[in-house]
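Subject: Structure handover

Hello,

Here is the structure for your files. My notes on it follow below.

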Amino acid sequence: MTVGEALSQAARRLGEAGIERPQAEARILLEAASGRGRGQIIAFPEHGLTPAQWDVLDAQIARRCAREPVSRILGSREFWSLRFAVGPATLDPRPDSETLVSAVLARISDRNAEVSLLDLGTGTGCLLLALLSELPRATGLGIDICPAACDIATANAAALGLAARAEFRVGDWLRGISAQFDVILSNPPYIESTAIDGLEPEVAQFDPRGALDGGADGLSAYRALIPQAAGGLKPGGLLALEIGAGQGAAVRALADHAGLTDLGSALDLAGIERCLLFSR
Ligand SMILES: C[S@@+](CC[C@H](N)C(=O)[O-])C[C@H]1O[C@@H](n2cnc3c(N)ncnc32)[C@H](O)[C@@H]1O
């Protein structure tokens with residue numbers, strides 16, 4: 001089979017399975033399966049695929065037709081222009097979460113300062129490691145209740161050359177941590193339990209439930225972690241929280257109750273309030 005034939009067959013199968021961008025995703029999978037770049041695929045559609053390359057692509061297309069996200073099939077995803085390994089135990093990092101990274105950076109006036117960061121529910125470590133990549137003298141601790149997520153975050157730190165400034169530990173929010181931090185950030189689980197099964201299959205079937213499930217009203221994690229975070233911040237420290245659409249008022253009330261000062265919010269690319277900022 002030629003590269004061009006493989007591309008059209010893959011795109012047709014993905015389209016028939018209801019995948020939104022069949023051509024683009026077929027090309028990404030073909031690039032990975034064949035080891036060819038985008039330019040080569042476009043310029044030389046007549047080149048042949050080896051049977052082994054076709055077998056890899058065929059298996060990848062079958063997985064995507066079953067609605068597994070491309071990032072999980074390929075084992076990694078780009079976030080903040082950095083590459084992160086993902087696994088069954090980690091949330092697939094979302095572009096919307098970059099809002100949190102830029103909102104924190106906008107509040108740090110000296111990028112060379114020795115800032116201490118704490119990331120609660122670190123998953124792949126994407127938020128913490130993106131910040132460490134921008135703050136050369138910062139150090140960070142990432143906490144996750146899931147040991148396998150901590151292992152992936154640790155491997156991501158090493159792959160990005162940030163291991164010397166990043167530590168990952170298994171834990172339940174701030175329980176057992178007595179240190180105080182300049183910045184605490186978190187993208188906690190915030191989907192209402194009963195809403196999860198109705199999400200698109202890429203999310204409901206492939207993101208770990210522990211990364212999504214925010215309890216009956218979606219706010220359980222905020223109730224647990226906000227009072228703890230208030231105690232874990234240095235005076236004047238910054239708390240940055242990702243929220244789901246429409247959760248702003250409820251999460252602000254929890255932060256107010258914990259004695260935190262509202263510093264405003266940041267919108268994601270769709271114009272939805274995605275990140276709330278507080279100080280102690
Ligand atoms: C929405 S995911 C966010 C992952 C990553 N920070 C990101 O933005 O892609 C929430 C994470 O919180 C973790 N988590 C859930 N409950 C936790 C708890 N009690 N203590 C620490 N981490 C928890 C989950 O395992 C999951 O990795």
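Helix α1 passes helix α4 in a right-handed crossing (the near helix is turned clockwise from the far one by less than a right angle). This is a predicted model: local features need pLDDT of at least 70, side-chain atom pairs count only at pLDDT 80 or more, and totals for chains, interfaces and linings use all residues. Residues are numbered from 1 along each chain as its sequence is written.

The axes of α1 (residues 3-16) and α4 (residues 51-65) come within 10 Å and cross at roughly 15°. Axes are lines fitted to C-alpha atoms, for helices over the stretch in contact, with angles from 0 to 180 degrees between N-to-C directions. The two helices are therefore roughly parallel (under 35 degrees). Helices are DSSP runs of H or I, at least four residues, and strands are runs of E, at least two, numbered from the N terminus.

On α1, Ala-6, Ala-10, Arg-13 and Leu-14 make the contact; on α4, Trp-54, Leu-57, Ile-61, Arg-64 and Cys-65 do. Contact means C-beta atoms, placed from the backbone, within 7 Å.

Two loops deserve a look. Arg-67, between α4 and α5 (70-74), has a positive phi near 75°. Arg-67 is partly exposed, with 16 other C-beta atoms within 10 Å. Ser-81 sits between β1 (76-79) and β2 (82-85), with a positive phi of about 60°. Ser-81 is exposed, with 8 C-beta neighbours inside 10 Å. The cut-offs are 20 or more for buried, 12 or fewer for exposed, and partly exposed in between.

Best wishes

Methods. Angles under 35 degrees count as roughly parallel, over 145 as roughly antiparallel, 65 to 115 as roughly perpendicular and the rest as oblique. Two residues are in contact if their C-beta atoms, placed from the backbone, lie within 7 Å.
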